[in-house]
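Work through the exercises below with the model in view. Try each task before reading its solution.

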Amino acid sequence: MRRILSIVGLAVLVAAGFLFWLSRPQPLPADAMAGLEGDAEHGRQVYLAAGCRSCHTAPESEDKDLLAGGQRFPSDFGTFLAPNISPHPEAGIGDWSLDQFASAVMRGVSPENRHYYPAFPYAAYARMDRQDVADLWAYWQTLPQSDQASAPHEVGFPFSIRRGLGLWKAMFVDPDWVMAGDLSPEEERGRYLAEALAHCGECHTPRGALGNLDTARWMAGAPDPSGKGQIPALTPDKLDWSAGDIAYYLESGFTPDYDSAGGHMVAVIDNFAELSPEDRTAVAAYVKALSEPAGE
C-alpha cells in the first residue's frame, strides 16, 4: 500500500509539473520582430480595422483616439475593464518595446510575463501579419497620451488565477484560419480582416462553457454578453443580404430594409467607414463565402 501511495503521489507531482509547464506564458521568440520597420501611415489602417479605439476609448470621450480605457465588458466570468493603452509612459504602454507590444497582441502575454484575459482578442490577433503589428506600433507613437490609471478587472476566484489561462490558450487558441479551402485573393483579404484584425467571430460566434468560440458554428450568432438581446448570425441561412448590401452597411450603418446599426456595431462601422472600399468589399465577399453552421 505504501508503494502504491508513493507511485500515485509521484504521478500527481509529475502531472502537476506538466500542467504548470503547459500553462506558462509564451511570448513571441526574441527575434520574431527583428528587422521590421513600422509604417505609421499604414499602421492607422491596421488600427482602424483592428478596432483598438472601439474598446479602449474612455466612455463619453470626445477624442476617439484617446485610449484611456474604462469601458466595461460583462461576461459569465466577471466584468472586464479596458485598460489605458495610450502612449503615456507610466499610465499607458508608452514605455513598451515593439517586441513586448507584439507579444501582447499576438500571444496575450504582458511585459511582466503574465497572461492577459481573452477579453483582449489575441486569439484572433494571433493570425496577424507581423509587419502589420510593426506598422500598428509605429502609428501608436502618434496617438495622444492619457494619465488616467487603469481600473482592475472585476473577476472573482477561480478566474482571478491567471496561470490557468495558459491551459485555456493551449486548448482554444489556434492561429489557423477558420475558413479554409481555395479562396480568391479578395476572399483571402476579407478573411484576414474578418478573422484576424476585426475579430468578427469574437461577437458573432457562440461560445462553449469555458468561453471558447464554437468554431463549428462560426458566425452563427450569439447572445449579447450584456444580457440584452442576440448578436445576429452572418451565415447564409440567416443573412440574405447581397455583397453590395454588406459593403454599404459597413460604410454607412444602413441595412437594406432601411434600419440602422446599433450597439457596439456603431463603433465598428465608424472604423470601417475609414477603410478603403476594397477592404469593405473584401469583407463582404468573405461573409458571402461563409458556410452554414455544422449540424443545421
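**Exercise 1: Aromatic pairs**

A search of the whole structure finds 12 aromatic pairs (Phe, Tyr and Trp rings, the six-membered one for Trp, with centres within 6.5 Å). The model is predicted: local features need pLDDT of at least 70, side-chain atom pairs count only at pLDDT 80 or more, and totals for chains, interfaces and linings use all residues. Residues are numbered from 1 along each chain as its sequence is written, and side-chain values use heavy atoms, leaving out hydrogens and water.

Task: classify the pair of Trp168 and Phe172.

Solution. Planes under 30 degrees apart count as stacked, over 60 as edge-to-face and the rest as tilted. The ring centres of Trp168 and Phe172 are 5.6 Å apart and the planes stand at 65 degrees, so the pair is edge-to-face.

**Exercise 2: Burial**

Task: is Trp168 buried or exposed?

Solution. Buried means under 20% relative accessible area, exposed over 50%, and partly exposed in between (1.4 Å probe, protein chains only). Trp168 has 13%, so it counts as buried. Phe172, at 28%, counts as partly exposed.

**Exercise 3: A ring cluster and a charge**

Task: which residues do ring pairs link into a cluster?

Solution. The cluster joins Tyr47, Phe101, Trp137, Tyr139 and Trp140. Elsewhere, look at Lys169: its charged end sits over the ring of Tyr122, 4.8 Å from the centre (the cut-offs: NZ of Lys or CZ of Arg within 6 Å of the ring centre and within 35 degrees of the ring normal).
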